[in-house]
Amino acid sequence: MEKQLEKLISLHDLDVMIADLNRKDIRKREADMGLHTEGALEELRELREEYCKSINRKWRGLYNQLTKHYGNAVVPALMGRCSGCLTRLPTAVCSDPERNLKIHTCPTCGRIIYWAD
Amino acid sequence: MKYTVLCKFALSATSRTEVIEELLRLFNIGERARGLLAGALDVREKVGATIVHSGIALPHCRSILVDKLTVVVGRSETGIPWPEEKVNTVILFVSPVKVNSPQEHNKFLGHIASRIKKSGDSIAAAGSEAEIITLLGFQIEEQGE
């Protein structure tokens with residue numbers, strides 16, 4: 001898998017983790033289980049800042065733009081479709097065995113696509 | 001809520017990172033995706049160890065790398081440093097990122113929390129896969145709720 005694509009997926013999962021710990025219901029549940037969420041949230045935000053620096057400016061910019069617009073910037077391709085907007089992706093790209101070796105975006109919504117190989 | 005439950009007794013790993021990797025090997029995903037998930041779970045552990053009961057750890061996250069909630073229950077006879085406290089039972093789960101998944105994730109956390117509150121000591125001392133799965137209210141097979 002292309003390194004920058006891996007980093008974008010990890011950034012997405014990190015953002016989900018931060019968003020979850022920002023949710024009152026999840027935070028309360030985790031706190032009830034004895035897990036420390038307050039300090040964790042701060043640390044995760046700092047980690048995110050650091051992590052972002054390792055991502056190419058072009059992809060980081062696109063990621064931020066897509067996240068702002070849709071809430072999610074990276075989505076898996078499912079049955080040849082973008083799982084963000086359900087547009088059918090080009091067959092040539094979907095059938096390419098090296099499709100994860102470069103970053104592809106959905107021709108309709110622009111989200112970053114990866115294939116779960 | 002649909003989920004898949006897997007179980008591995010007699011873990012060979014001896015550290016937190018190794019245990020997470022060993023349990024993720026049971027996931028039906030590619031090698032690279034597994035590495036990325038291990039990274040995400042490791043980050044979560046580094047900012048706060050997920051020990052939820054004496055002897056029980058609950059590493060968990062949501063990720064776009066899985067398409068359905070997957071749980072793996074692992075057991076170590078010798079115990080694993082997590083890292084300040086030793087645990088012998090690890091309940092690792094990863095929820096997908098979908099529209100309603102924060103609620104589903106929270107609901108599942110609530111289910112595990114109630115089971116641990118009710119029978120935490122029995123779960124930590126369970127002697128077989130079947131027993132631990134029953135105590136957690138899971139079934140080994142894929143199921144719908």
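At roughly what angle do the axes of helix α2 of chain A and helix α3 of chain B cross? In this predicted model, the axes of α2(A), residues 24–32, and α3(B), residues 101–125, cross at roughly 15 degrees and come within 10 Å. Angles under 35 degrees count as roughly parallel, and α2(A) and α3(B) are therefore roughly parallel to each other. Their crossing is left-handed.

The residues behind this helix pair can be picked out on both sides. From α2(A) come A:Asp25, A:Ile26, A:Arg29 and A:Asp32, and these meet B:Pro102, B:Asn106, B:Leu109, B:Gly110 and B:Ala113 of α3(B). By residue class, the contact of α2(A) with α3(B) divides into four nonpolar, two polar and three charged residues.

Chain A contributes 29 residues to the contact and chain B contributes 25. On the side of chain A that touches chain B, the elements giving two or more residues are α1, α2, α3 (38–52) and β1 (74–78) of chain A. Of these, α1(A) gives the most, with nine residues. The side of chain A that touches chain B is made up of 15 nonpolar, five polar and nine charged residues.

Turning to chain A itself, the chain holds five helices and four strands. Read from the N terminus, its elements follow the order α-α-α-α-β-β-α-β-β. The C-alpha trace of chain A spans about 50 × 30 × 25 Å along its principal axes. Of the 117 residues in chain A, 31% are buried. Among contacts in chain A with a separation of 6 or more, 54% are between residues 24 or more positions apart.

Next comes the interior. In soluble globular proteins, nonpolar side chains tend to be buried together. Here the largest nonpolar core has 64 residues, and the members that touch the most other members are A:Ile9, A:Val74, A:Ile113, B:Leu37, B:Ile56, B:Leu65 and B:Ile91. Helix α1 of chain A, residues 3–22, gives the most to this core, with eight residues.

Which residues is A:Val74 in contact with, leaving aside its neighbours within four places in sequence? Within chain A, A:Val74 is in contact with A:Leu8, A:Ile9, A:His12, A:Arg111, A:Ile112 and A:Tyr114. From chain B, B:Ile64 is also in contact with A:Val74.

Conventions. Residues are numbered from 1 along each chain as its sequence is written. Chains are lettered from A and ligands numbered from 1 in the order in which they are written. This is a predicted model: local features need pLDDT of at least 70, side-chain atom pairs count only at pLDDT 80 or more; totals for chains, interfaces and linings use all residues. Axes are lines fitted to C-alpha atoms, for helices over the stretch in contact, and angles run from 0 to 180 degrees between N-to-C directions. Angles under 35 degrees count as roughly parallel, over 145 as roughly antiparallel, 65 to 115 as roughly perpendicular and the rest as oblique. A crossing is left-handed if the near helix is turned anticlockwise from the far one by less than a right angle, and right-handed if clockwise. Two residues are in contact if their C-beta atoms, placed from the backbone, lie within 7 Å. Ala, Val, Leu, Ile, Met, Phe, Trp, Tyr, Cys and Pro count as nonpolar, Asp, Glu, Lys and Arg as charged, and the others, Gly among them, as polar. A nonpolar core is a set of buried Ala, Val, Leu, Ile, Met, Phe, Trp, Tyr and Cys residues joined through C-beta atoms within 7 Å. A residue is buried if 20 or more other C-beta atoms lie within 10 Å of its own, exposed if 12 or fewer, and partly exposed in between; C-beta atoms are placed from the backbone.
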